[in-house]
Amino acid sequence: MKFVPYPYQQYCIDRIISDPAIGLFLDMGLGKTVITLSAIKDLRYNRWEVSKPLIIAPKKVAEATWTTEAAKWDQLKMMRVVPVLGTVQQRLRALATPADAYVINRENVTWLVEHFKNAWPFDMVVLDESSSFKNSQSKRFKSLRLVRSRIRRIVELTGTPTGNGLEDLWAQIYLLDGGVRLCGTLGAYRDRYFVPGKRNRTTIFSYDPKEGSFEMIKRAISDICISMKASDYLTLPDVIHNDIPVALDAAAKKAYTQLETDLLLQVDENTITAQSAGVLTNKLLQLCNGAIYDGDRNAVHIHDCKIDAFMELVEQLNGQHALVFYAFQHDRDRLVKALANTNLRVRVYSNAQDEADWNNGEIDILLAHPASCGYGLNLQRGGHHAIWFGLTWSLEQYEQANKRLHRQGQEHPVVIHHLIVQGGMDEAVLEALHDKGDMQNALLNALRVRISK
């Protein structure tokens, strides 16, 4: 696929190239990944200004998103993007592999700094979701600060730099400029722009911005930060599809391969029927999602790879409401359990009161089966993010479910997120939905291809 950047994307590419330190505070769906990779390619091959870029990202993003995006676009296919993940030995092997960019998860930043110490080799660092470095007391922030002087170029990417308030900005901007714009310490930043909020005699629990602080901070960082809202650059209401690749861990991949092999051995290309195809794909789609029903309809847990990717996506939304579609009851149960550890207001859709509460902003995460809320509901006033945790083969259900948000009265571009297991049946379902062809034929063809392999 050929990447033809929109004017705002070209502007961001040019700023990454021209500015040694830049923060791209762009809404999800505006193309932060392809923008950054395009700039890295130019800096590395056309200008010879960087030699070893490092991308620090959430774990699931590091596993698949950057490599998938590089392979997606014609002009980026030649770039070698190597994930630095897994065991220590696997990470060391990855670091020893020649590449145009290395991608590591944020949890391993401290390990990486301690490994290289004074021989830090990365002259360019990209912080994908820089808001994960907002805590100046965190090990990852302190570790990166130790090697900041050895980094010649730094790019910060996030759509929510101030998810919990203006205090979140200090650490992120410090990594860009070393404390030049927003004071050299967090204490000085608080003294200049905030007043104590909740407190007792000896302890301050929170800080409130002084009057005019927002404008002063915005002016102070305007030369090194670009803030863009999707609504400023996309026709409203528009639909943005965000495919999020999910990599299975070794155990989950082995389980999936074993299940697929065992099931496909039961039939051959000439004996597949719609009924048998449905059984096969149903089992494989369940396993993609992380659990599978046994003969007694008990859910057997297999992995949390997709759950982890889902939770990272929810974190990136940073409080923005999301309508989440699940495929199986065990999906719903595991999602409810995972979300129970957050402070989010979670509801499983069941009746008209849920619709009203969602539209009134009283629900953060609304879980729904596409068959239960795919028709007639008006959910456009409660949010503009839909997450497909588990896909459906039904094109009608898929389109109708998405229309709950993308309809008259929606004030924002609607972002449809798909969590897609790489190499799994998810890919075949999504391809069939995009092609908008005959679902049953697509299902049968997908299985025949797997049998032939």
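Visitor: By class, how many nonpolar, polar and charged residues does the lining of the second largest cavity have?

Guide: The lining of the second largest cavity has four nonpolar, two polar and one charged residues; here Ala, Val, Leu, Ile, Met, Phe, Trp, Tyr, Cys and Pro count as nonpolar, Asp, Glu, Lys and Arg as charged, and the others, including Gly, as polar. The model is a predicted one, in which local features need pLDDT of at least 70 and side-chain atom pairs pLDDT 80 or more, while totals for chains, interfaces and linings use all residues. Residues are numbered from 1 along each chain as its sequence is written, and side-chain values use heavy atoms, without hydrogens and water.

The residues around this cavity are Val 314, Leu 317, Gly 319, Gln 320, Leu 344, Asp 364 and Ile 365. On a 1 Å grid over the protein atoms alone, a cavity is a set of points where a 1.4 Å probe fits but cannot get out, whereas a pocket is an open set with protein on both sides within 12 Å along at least five of seven lines; lining residues have an atom within 4 Å of a point.

Val 324 and Phe 310 touch the most other members of the largest nonpolar core, which has 62 residues. Such a core is a set of buried Ala, Val, Leu, Ile, Met, Phe, Trp, Tyr and Cys residues joined through side-chain atoms within 4.5 Å. Helix H13 supplies the largest share of this core, seven residues. A second, separate core has 44 residues, including Leu 169, Trp 170, Leu 186 and Phe 194.

Gln 320 leads elsewhere. His 384 is in contact with Gln 320 and also with His 321, Leu 405, Gln 410, His 412, Pro 413, Val 414 and Val 415, leaving aside neighbours within four places in sequence. His 384 is placed in the loop between helix H16 (370-373) and strand S16 (385-388). With a relative accessible area of 16%, His 384 is buried, since buried means under 20%, exposed over 50% and partly exposed in between (1.4 Å probe, protein chains only).

The pocket is lined by 43 residues, and Glu 69, Lys 72, His 241, Asn 242 and Asp 243 lie nearest its centre. Helix H13 (305-317) is one of the elements that give two or more residues to that lining, but strand S10 gives the most, with seven. By class, the pocket lining divides into 21 nonpolar, 11 polar and 11 charged residues.

Of its 453 residues, 53% are buried. Helix H7 (residues 169-177) is mostly covered, with nine of its nine residues buried. Among contacts between residues at least 6 apart in sequence, 69% join residues at least 24 apart.

Technical notes: Helix = DSSP H or I, 4+ residues; strand = E, 2+ residues; numbered from the N terminus. Contact = heavy atoms within 4.5 Å.
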